[in-house]
Amino acid sequence: STHAVNKSQVDAREHVVSVTIGAVSATATKLLTVAPAGMSIVQAYIVNASTISTSATNYWSIQVANQTQGFNMASTAFTTNSTGGSAITANTATSLLLNQNLSPTALDVINVTLTATGSPTATGSDAIVVLRYKITT
């Protein structure tokens with residue numbers, strides 16, 4: 001049988017992209033997705049199998065960006081710096097605190113950059129970044 005799908009039904013649904021970023025021990029940029037259409041980004045998370053503690057000298061700064069448009073999606077990058085940052089708790093979705101430029105258009109490239117300061121604890125080989133979004137066009 002054929003079932004009609006209303007565009008508003010699709011737009012109202014939340015979609016998820018989950019990308020394995022793997023073991024990262026130095027500054028790296030990883031592709032998350034290419035926007036399939038106009039999107040509204042809901043949030044992004046990092047999940048790692050082991051805890052990455054905060055540190056004043058060895059920490060990560062993590063930023064999700066629309067590479068095509070040159071926009072960061074967080075006004076301040078998520079950080080594991082002990083001054084103003086948070087740990088990444090083992091096997092827990094840690095929000096990357098996206099709060100701006102959350103409406104990429106079709107074919108915009110979305111990536112995540114992990115910037116190392118000092119020698120932070122490396123992410124595990126199974127580390128992932130999850131991007132939640134809704135289609136808008």
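Which backbone nitrogen does the side chain of threonine 123 reach at 2.8 Å? In this predicted model, the side chain of threonine 123 reaches the backbone nitrogen of valine 24 at that distance of 2.8 Å.

**Threonine 123**

- Threonine 123 is placed in the loop between S8 and strand S9, the latter spanning 128–135.
- Because buried means under 20% relative accessible area, threonine 123, with a relative accessible area of 4%, is buried.
- Besides reaching valine 24, the side chain of threonine 123 has a polar atom that lies 2.7 Å from the backbone oxygen of glycine 22.
- When neighbours within four places in sequence are left aside, the residues in contact with threonine 123 are Gly22, Ala23, Val24, Asn48, Ile52 and Leu114.

**Aspartate 108**

- Aspartate 108 is found in the loop that runs between strand S7 (94–95) and strand S8 (109–117).
- The relative accessibility of aspartate 108 is 3%, and therefore this residue counts as buried under the 20% cut-off.
- The side chain of aspartate 108 is joined to the side chain of asparagine 66 by a polar contact of 2.8 Å, and the aspartate 108 side chain also reaches the backbone nitrogen of threonine 105 at 3.0 Å.
- With neighbours within four places in sequence set aside, aspartate 108 is in contact with Thr33, Val34, Ala35, Asn66, Thr68 and Gln69.

How values were computed. Residues are numbered from 1 along each chain as its sequence is written. This is a predicted model: local features need pLDDT of at least 70, side-chain atom pairs count only at pLDDT 80 or more; totals for chains, interfaces and linings use all residues. Side-chain values use heavy atoms; hydrogens and water are left out. Helices (H or I, at least four residues) and strands (E, at least two) are DSSP runs, numbered from the N terminus. Buried means under 20% relative accessible area, exposed over 50%, partly exposed in between (1.4 Å probe, protein chains only). A polar contact is a pair of N or O atoms within 3.5 Å; within protein, one must be able to donate a hydrogen and the other to accept it, and residues adjacent in sequence count only if both atoms are side-chain atoms. Contact means heavy atoms within 4.5 Å.
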